Amino acid sequence: MALDFKGRMAYGDYLKLDTLLSAQVPLSDQQDEKLFIIVHHVQELWLSLIIHELEFAMQNMRDGKAGIAFKALARISRIQEQLISAWDVLSTLTPSDYLTFRDTLGQASGFQSYQYRLVEILLGAKDERMLAPHRHTPQVYARLEAAFRGPSIYDEAIALVKRSGLDVPDSLLNRDFSKTHSYSDALHDIWLQVYREPERYFELYELAEELVDVEDHFQQWRFRHMKTVERIIGHKKGTGGSSGVGYLKTALDRTFFPELWAVRTDL
């Protein structure tokens, strides 16, 4: 076992721990603010990895390497489990605890997380209004806008279905990707065929289930987020001016892959 690291890279050097740990800087002297910061830092790190894996999966789907894409999607689901469990830690913050430092947050809000917004965009949620909070950061805005104008992972999945020989309408392939995908009866029927003959279309069947796993975990994360906020601040407005719990509840009604959920009723 090496014990002398003079002039050599050690664990802390590789991970840039000085930089990482120096980022937790509470603005108050309250005990619980550090918890609040760390939970959000951890979530942002996991979001960064989800983005990394989503973009990797999309590229491999374009390149015809479905198996590699599926591995990335499976990893995303495991990452999402970590995101969901993070709310359990934040839920130890009582309403009284939070009020001791809430004013120090100013207008800062998780609603403004550009990484969360990028994940939503890559999954297919295209709402141009959600880009506005990031206009003041040109580099971030450019990245969000590029993803917004480009295909989502569901668009890449639909293209893969077409390349597999199934009759996908051209309107689903050659469309304005800045618009959220709208439910398609034709696509529903294609997925229904896949689910009725899983051995024949096993690659597409696996793709569909990986996507459902990702959305299922995403919705669980949204739900735990909503209930954690309700538990801590009730129905007060969020620090960034959003309606708080009310806004989070509306997000639970939105879906990224509508045909994959609808097909279950018709099997």
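Let's start with R222 and E120, which form a salt bridge, their closest N and O atoms being 2.8 Å apart. By salt bridge I mean a side-chain nitrogen of Lys or Arg within 4 Å of a carboxyl oxygen of Asp or Glu. This pair ties together distant parts of the chain: R222 sits in helix α11, E120 in helix α6 (residues 114–123), and they are 102 residues apart. Helices here are DSSP runs of H or I with at least four residues, strands are E runs of at least two, and both are numbered from the N terminus. Both residues are buried; that's under 20% relative accessible area, with exposed over 50% and partly exposed in between, using a 1.4 Å probe and protein chains only. R117 joins in too, linked with E120 and R222 in a salt-bridge network.

Quick note on the source: this is a predicted model, where local features need pLDDT of at least 70, side-chain atom pairs count only at pLDDT 80 or more, and totals for chains, interfaces and linings use all residues. Residues are numbered from 1 along each chain as its sequence is written, and side-chain values use heavy atoms, leaving out hydrogens and water.

Okay, next pair: D88 and R224, also a salt bridge, at 2.7 Å between the closest N and O atoms. Again distant parts of the chain are linked, with D88 in helix α4 and R224 in helix α11 (residues 202–233), 136 residues apart. D88 counts as partly exposed because its relative accessibility is 46%.

What about E81 and R78? They meet in a salt bridge at 3.1 Å, N to O, and both lie in helix α4 (residues 66–90), three residues apart, about one turn.
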